[in-house]
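The sequence and structure are shown first, followed by the description.

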Amino acid sequence: APPGGGKGKLNFPNPPEAGSDRPFSGEDGTDMTLAAFEGQITVLNFWATWCAPCRAEMPQLSDLEAQLGSDDFGVVTIATGRNPRPAIEAFFTDIAVDNLPLHADPRQTLARDMGVLGLPVTVILDRDGLEIARLQGDAEWNSDSAIAIINAIIEDTEN
């Protein structure tokens with residue numbers, strides 16, 4: 001079952017798959033890559049302002065970050081496709097989320113390279129930037145079961 005019984009199912013590629021080195025637009029407008037998050041477990045969420053399930057899921061991702069966020073773990077959100085910056089800001093304001101990044105992938109370069117079809121898609125990356133899990137669709141990321149899964153991943157992968 002997916003975290004909290006959402007519609008998606010967490011799939012674990014075996015062996016883990018390489019992430020992507022394609023650039024995306026960081027919160028400050030400069031190009032960055034997923035390499036910026038190496039060294040921590042990253043829950044990487046691809047979303048869009050027009051995506052209804054994303055709106056339902058985002059406060060739960062925010063709560064997950066609030067509960068577990070540290071030097072060792074982070075939730076990273078990337079608005080994929082046509083999402084003007086004012087629309088991204090309004091989306092987060094509307095749902096009262098202020099602890100997730102306003103990264104964007106306007107040309108879907110990163111999303112396409114990572115095989116993201118449809119939104120939302122959430123990918124869990126290990127400390128080396130390898131994809132260790134993926135969930136297509138929304139999930140209850142702040143549920144007890146999701147937090148248990150994330151904590152297990154963090155503990156399992158500690159050096």
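## Basis of the description

Contact here means heavy atoms within 4.5 Å. The model is predicted.

## Helix H2

Helix H2 spans residues 85-94, and its buried residues are Ile88, Phe91 and Phe92. These residues lie on the same side of H2, because they cover an arc of only 90° around the axis. An α-helix has 3.6 residues a turn, so residues three or four places apart point the same way.

The buried residues of H2 pack against strand S5 (41-47), helix H1 (52-68), strand S6 (73-80) and strand S7 (103-105). Pro86, Thr93 and Asp94 are exposed and sit on the face of H2 turned away from its buried side. After H2 comes Ala96, which has a positive phi, near 60°.

## Strand S5

Strand S5 is one of the elements against which the buried residues of H2 pack. Seven of the seven residues of S5 are buried, so this strand is largely enclosed by the rest of the structure. In a regular strand the side chains alternate between the two faces of the sheet. On one side of S5 the buried residues are Ile41, Val43, Asn45 and Trp47, and on the other they are Thr42, Leu44 and Phe46.

S5 and S6 run parallel and are joined by seven bridges. Leu44 has Val76 in S6 as its bridge partner. The chain passes from S5 through H1 to S6 in a right-handed β-α-β crossover.

S5 is also joined to strand S8 (residues 121-125), by five bridges, and these two strands run antiparallel. Here the bridge partner of Thr42 is Leu125 in S8.

Conventions:
Residues numbered from 1 in each chain as written. Predicted model: local features only at pLDDT ≥ 70, side-chain atom pairs only at ≥ 80, totals over all residues. Heavy atoms only, no water. Buried < 20%, exposed > 50% of the residue type's maximum accessible area, 1.4 Å probe, protein only. Helix = DSSP H or I, 4+ residues; strand = E, 2+ residues; numbered from the N terminus. Arc of directions from axis to C-beta. Pairing = 2+ DSSP bridges. Right-handed = clockwise from strand over helix to strand, strands pointing away.
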